[in-house]
There are 2 protein chains.
Amino acid sequence: MKVSEIGEFGLINRIYRKAKDKSIIKGIGDDAAVVKIGNKLMVVTTDTLVEGDHFSFDYFSAEQVGKKAIEINVSDVGAMGGVPKYALVSLVLPKDIEVEVIEKIYSGMREAGDKYGLEIIGGNMTHGNQLVIDVDMIGFVEKKNLCLRGDAKPGDFIFVSGDLGASTAGLNLFKNNKSGFMGVKKKHLEPSAKFHKVKPFLKYINAMIDVSDGLASEVKHICEESNVGAVIYKENIPIKPETRHAAKAVGKDAVDYALYGGEDFELVFSVSEKNLKKVRGFLVGEIRKKKGVYLYNNGKEELISKGGYDHFKVC
Amino acid sequence: MKVSEIGEFGLINRIYRKAKDKSIIKGIGDDAAVVKIGNKLMVVTTDTLVEGDHFSFDYFSAEQVGKKAIEINVSDVGAMGGVPKYALVSLVLPKDIEVEVIEKIYSGMREAGDKYGLEIIGGNMTHGNQLVIDVDMIGFVEKKNLCLRGDAKPGDFIFVSGDLGASTAGLNLFKNNKSGFMGVKKKHLEPSAKFHKVKPFLKYINAMIDVSDGLASEVKHICEESNVGAVIYKENIPIKPETRHAAKAVGKDAVDYALYGGEDFELVFSVSEKNLKKVRGFLVGEIRKKKGVYLYNNGKEELISKGGYDHFKVC
């Protein structure tokens, strides 16, 4: 059986094994792993950019690639309620790559890292056919701030920290050689972690995840890990007018980008009713006992069967 | 300028920046980074296997690839005097790879990990043209056991923990389709970390590094970081008879494999004269003030100008 037949999450289920060590608060199955080191909670994650899959030098500058490599990992640490501290950078480099390109990637990584007080403490370089940038990030989280995917409770409201769909809209503008829409394109080229938006009210959040593969997919992850279901109110999904226009320009619906696209890196979080006034964001749905993630629109609910972006499946 | 013109270490020098944070005991420039977390010293490293560069399924089984991915990182943690604890696994997978191959790679990783009480706590999977396995490893080291490359002192003796050259000999047997020499071939297919050999006398070691790129290259790294020079006694380099025979079978000299080959994962360490009797291993040279790494043979010394294995240069 080929990996393209079972997809990314099918594969994760096949290789999953529960961690045995008691110091491991959270292993495989969240935005980052959480381990107890002395009296500290350490957050560890890794995310990879592959040329051609995650970026193209046709429209990304090398600095932007470097920034993206850092921001996507900061986003994962932030989605646990954590603050990043150290990074390791593994590069797989084609032999004919220009040294200046690598220097610019590093310059972008450091510019992004400096925003967060993050230090690159090590890494590895080796040769391959295709440029691969793998960043490992280590951060810390205060116990009261820790937000796991599995902490959503029936009755919780689902929030998203900002507008969705712009990154996928930007990508599709590039793929279709559409001029204009610079703001939307920039959302694709310069994604950034949104942890600062939720930091003031972290302790009121139950479950949290970042939007890397689309709202539908992220809410599904929360539901699977929390053993609950959810309904998403289609009309409430925050999408900017320019994102809608950009989608329309390539014959697509921006709501699909928001639900099934990805790389917005906004945070999706659940909050119990009693804490509704303590948080800020866009209320886009509700957690409930009934399993499955449904989309509510015009008085009707439909089960969302489609997944988010999957690196191995075409969807 | 292409990366192949300046090589791996030229590139590292170009992107190097000294870490500013005081919690960073050792950043870029050793087998692993070392950071202070509360009252613990944490060791963090990452190493990558690329199909075609670091292994070929023509002669490696998927389990062996998985084991190798773990052992090379355990070796790096061990070279700091540390004990591994957690790993993250980043995979870049071609879409047509069989699920069973990935399961076997994981099975190999877990078998190797279980030897060390190591847990895989997370990772990432994405798509690419070429199979890439990147492992990030986190371990801990007791302060008295920490061995940095930069701690060698003039007058120290240089030891190696075991015989060298077999892995490169094995690789060249495969590349030349030579039958036989199963023991030598196995050294290439199933490398293992050698930390257990030095563990009993860690506190008597000054500088340490593992042999991933050949003895000459590793001694150079120690010398550069310690701001010293060294002489290696050619006759003393431990090479097994079967390694010599295997090298001869493809028209090569096993001493070259030991000096400039790699992946033996034995440990090279320096020890001051007063502690000579406290350690075990093969005495292969001496640290001295005079810069440069020299090879002593038949009453003559020659400067070793050639580097070790470099992923970007042909050497």
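In this predicted model, 100% of the interface residues of chain B are also interface residues in chain A, so the two copies meet through the same surface. Chain B is superposed on chain A by a rotation of 180° with 0.0 Å of shift along the axis, at an RMSD of 0.0 Å. This is the relation of a two-fold axis. In general, two copies of a chain are related by a rotation about an axis and a shift along it.

Within chain A, the assignment gives two domains, domain 1 (3–144) and domain 2 (147–303). Their centres, taken over C-alpha atoms, are separated by 22 Å. Contact between them involves 19 residues of domain 1 of chain A and 18 residues of domain 2 of chain A. On the domain 1 side, helix H2 (residues 62–78) of chain A gives the most, with 9 residues. The classes of residue on that side of domain 1 of chain A are listed below.

| Class, side of domain 1 of chain A that touches domain 2 of chain A | Count |
|---|---|
| nonpolar | 6 residues |
| polar | 5 residues |

One residue can be described individually. A:His127 lies in strand S5 (residues 119–127) of chain A. A:His127 has 22 other C-beta atoms within 10 Å and is therefore buried, the cut-off being 20 or more. A:His127 and A:Gly108 are 19 residues apart in sequence. In space, 21 Å separate A:His127 from A:Gly108, C-alpha to C-alpha.

Key. Residues are numbered from 1 along each chain as its sequence is written. Chains are lettered from A and ligands numbered from 1 in the order in which they are written. This is a predicted model: local features need pLDDT of at least 70, side-chain atom pairs count only at pLDDT 80 or more; totals for chains, interfaces and linings use all residues. Domain bounds come from an automatic or database domain assignment. Two residues are in contact if their C-beta atoms, placed from the backbone, lie within 7 Å. Helices (H or I, at least four residues) and strands (E, at least two) are DSSP runs, numbered from the N terminus. Ala, Val, Leu, Ile, Met, Phe, Trp, Tyr, Cys and Pro count as nonpolar, Asp, Glu, Lys and Arg as charged, and the others, Gly among them, as polar. A residue is buried if 20 or more other C-beta atoms lie within 10 Å of its own, exposed if 12 or fewer, and partly exposed in between; C-beta atoms are placed from the backbone. Copies are superposed by least squares on the C-alpha atoms of residues with pLDDT of at least 70 in both.
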